[in-house]
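Student: I have a model open and want to learn how to read it. Can we go through it feature by feature?

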Amino acid sequence: MGVFDYILAGVFEAFTANPALVLGPLVLSWPVILVALGFFTGVLIGATPGLSGPFVMALALPILISIFGFTPDALLPVLGFLVGVMKGATLGGAVPAILFNTPGTPDAFMTTLDGHPMARNGQGGKALRVAHFASVSGDSFSDIVLFVCAPFLAISIEAFLGLPEKAALMILSLSFVAVVVGKDTWKGLLAACFGLFVASIGTGTDSYPRLSLGSDVLAPGLPTIAVVIGVLVVGEILVSLQEMYLSKRARRAAAEQLAPGDSALSLAERRRLLPFIGVSMSIGTMIGALPGIGTTLAAAMGYTAGRKMHRGTPAFGQGAPEGIAATEAANSAVSGANLIPALSLGIPGNVAAVFIILAADTIGGFNPGPAVFRFSAEEVNPELVVAFALFTLMVVANLLNWLTGAWFMRLLGGLIRIPKQVLLPIVLLLTLTSVYVEGSAMSDVYILLGFGVLGYLMRQSGVPILPFVIAYILAGPLETAIRNAFEASGSDPWFLFSSPVSLLFLALSAAIVLGAGWLRGTPTPDC
Amino acid sequence: MKTLVTTAAAVFLSASAAIADWAPTGPVKVLIGFAAGGGADSLARLIAEDIEAEYGWTLIPENLPGSGGAVMARAVKDAAPDGQTIGVGITDTFAYGVLAARDPGYTTGDFTYLSTIAGTQMGIVAKSERGWTTMSEVIEAARSGASISFGTMTPRLADAAYYIGKVNNVEFNIVSGYKGGRAVLNAITADDVDIGWVAGPQKAGVESGDLRNLANGEDQPLAVSPDAQELSEIGVDFAFGATFVAIAPAGLSEAAQGALSEAIATVIGSEGTKSNAFITRVFALKVKTGEAARGFVEQELADAEALLDATAE
């Protein structure tokens, strides 16, 4: 099979392989339905302050897996939903930022700077339009870069990197994530090391379960989904509950309802925004391709670049549409590019990628990494078909975004927002239920709560969560790579330093850790 | 109503009919001893799909890779013997695996052996562009100083690689971390290792000429390269083929054992099922149920003991 055969097979896989509804020649497939569902859920959740995309992904993953099962047919619907949520949440975050001056997601903070002044001037509808136009442009651009780069990168990695280089590359990514996220290098490294430690329980090649203390619960390793959701979601809920308790009562939602006003955005106006969108989406895509750096930094950098380019009135910060465009194009461009390291190397760069890798691991039949992009001619490589089907679903999500996103954003503007004291218990209950359903064991629930407390303590002491999660996911592949590299070298203790490329990667890792202060000259994103 | 009467009659009248009428009361967990995407994984998932289609039972495959199947074996051993948990792995895990591991956490007697499923097409594989045609040539290369890395996916195959080196006075760099033959194959294709054991997925590559079976690890000729060098020519008198097997915890009722064995044997043996098509494409069908399956595992245990003695010398 040639490249085009694979692309075609992927498109067919996405649209027809798993039909939900067949009307003559028209087929509506489950993957497409779930992308749409994920997208609308994502916009809704992104627009709800206090919730974010990873929340929904965490909740949905166990539930979707128990609905669709562990068959290869389950892979695309589940991945489609996750991709839909990822794209929708970024867009949705702009709605409350513009209309109520409260960003729904952290990366939408910069959107409030110009979005809310516009809304106060009676241009709320227009501001939403600008946000939508910029966001979708950035997203689509970043996806195209993903489609082109991921296979190319994967193939080059596979062709040029041997075992020690692959191990060194993973060490480099991990050091990068540990240093870049959070405010303190050593706390980041601590989180990453702790992730590696937790992952080493019950794993390894010896037939005796490592670090299991003779316990049958620990022997098969900790349940991955419970650990990740516990730290990410339950920890966050506990922190929010504490914040609510400390402020006694949750802040009243800003009741000020502004008329959306005229929402038309002319072609000339769109053209004026294009340079800002172009610069910002390039920044966002580049940042997204680096593991660990999130949308918030991209938004800040896009906004700063836009402010330097901008001439005339209104100035940035006083309701300039260009400000919204610069921010939204940058933070939306991150999402597609974020999947480049995940799909081509199997290295998750952010929370969304963590859930995509988790879904693929749990369902089976698709192992994100360089082996996916092997264009084998004599035999069909099913993983490659899945990869192209996933790309197709991302295009579907983008089309949906272009066609219905603006309308859906306006619709949300009128919705009453749910107060946190109602929202958080619901999310907690859903989390507990979904984890129990997925593993059907109470021990999973206890582990979830245990890691929830851990996540709370980590947040309280300023230890970043993301390095922990990424190290936890990456630990297995890293250990295998190191073991294999060591054995293939004929048990040479200097195996990691034997080739110039792996030396370079390791030197870079050391440089990143030591030069962390300089790297952190720019504002750091929250995880 | 008629079914009910028949069922009732069968339960009361005949033990053998009762076997046919045993059915799981809920979803059956199928624990797979190897990683997703490999041979054991595809095999188990296809059998599960076929049984679902044929019998209407619900089967939930789950991968429990690690330690050459031992993680799965421990999980199955600890499961309730109610027919709701079965495992799919290789006979290695219950023969060689029990002897070689420090504390495997299970013994050969801890299981009910439902059915052997298929035999592998085990060969030592290399890329054709390396220029080797037989294992003897690789050994020659190693003797003249080349460092040869040898990819393996189970402890027994790692021992086999060591043993091949030992009797030929060479030392291979044995890379033992791979989870499944497909992972070894990927490593060979990516030049991460020079040669490696692959148990069947090499077929397409060998047919297209990109890969070569340097030696035959089975006790009968390989379907795709019948002329591959026999291990006996390089002084090795063991066969290293693996046999896929379905297991359940010990103490499973006879009715449940009979029904599960029959379900598995029926779907893999019938032409036109997905599992049958897969097995005939990649492996070779090898169906022994009940006592015959146990006998097969016990024979492997005896062979494994002989291999361990030979490598220890």
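This is a predicted model: local features need pLDDT of at least 70, side-chain atom pairs count only at pLDDT 80 or more; totals for chains, interfaces and linings use all residues.

Student: What is the average pLDDT of chain A?

Tutor: Chain A averages 85. In that chain, 92% of the residues score at least 70.

Student: Where in chain A is the pLDDT below 50?

Tutor: Look at residues 523-527 of chain A. Beyond near neighbours in sequence, this stretch still has 14 contacts in the model.

Student: Now the cysteines. How many disulfides are there over all chains?

Tutor: The test is a pair of cysteine sulfur atoms within 2.5 Å. By that rule the count over all chains is zero.

Student: Is A:Cys149 buried, partly exposed or exposed?

Tutor: Buried means under 20% relative accessible area, and exposed means over 50%. A:Cys149 has 31%, so it is partly exposed. A:Cys193 is also partly exposed, because its relative accessibility is 47%.

Student: Which helix holds A:Ser434?

Tutor: Find α15 of chain A, residues 420-439; A:Ser434 is in that helix.

Student: Is A:Ser434 buried or exposed?

Tutor: Its relative accessible area is 2%, so A:Ser434 is buried. Next, see what it touches. Setting aside neighbours within four places in sequence, A:Ser434 is in contact with A:Leu59, A:Pro62 and A:Ile63.

Student: How do I read a helix for its faces?

Tutor: Start with the general idea. An α-helix has 3.6 residues a turn, so residues three or four places apart point the same way. Now turn to α11 of chain B, residues 274-282.

Student: Which residues are buried in α11 of chain B?

Tutor: B:Ser275, B:Asn276, B:Phe278, B:Ile279 and B:Val282 are buried there. Look down the axis of α11(B): these buried residues fall within an arc of 165°, so they line one face of the helix.

Student: What covers the buried residues of α11(B)?

Tutor: The cover includes two helices of chain B, α3 (39-55) and α10 (254-269). It also includes the strands β4 (111-119) and β12 (284-289) of chain B.

Student: How is chain B divided into domains?

Tutor: Domain 1 is 2-120 + 242-312, and domain 2 is 123-234. Their C-alpha centres lie 28 Å apart. The contact takes 19 residues from domain 1 of chain B and 14 residues from domain 2 of chain B.

Student: How do I put a size on that contact?

Tutor: The size of an interface is often given as the accessible area lost when the parts come together. Here domain 1 and domain 2 of chain B bury about 1500 Å² between them. Of this, 59% is on carbon and sulfur atoms.

Student: Which residues of domain 1 of chain B lose the most area to domain 2?

Tutor: They are B:Tyr96, B:Thr120 and B:Thr311. Together they make up 31% of what the domain 1 side buries.

Methods. Residues are numbered from 1 along each chain as its sequence is written. Chains are lettered from A and ligands numbered from 1 in the order in which they are written. Side-chain values use heavy atoms; hydrogens and water are left out. Buried means under 20% relative accessible area, exposed over 50%, partly exposed in between (1.4 Å probe, protein chains only). pLDDT is the predictor's confidence in each residue, from 0 to 100. Contact means heavy atoms within 4.5 Å. Helices (H or I, at least four residues) and strands (E, at least two) are DSSP runs, numbered from the N terminus. The arc is that of the directions from the helix axis to the C-beta atoms. Domain bounds come from an automatic or database domain assignment. Buried area is the accessible area (1.4 Å probe) that two parts lose on being put together, summed over both.
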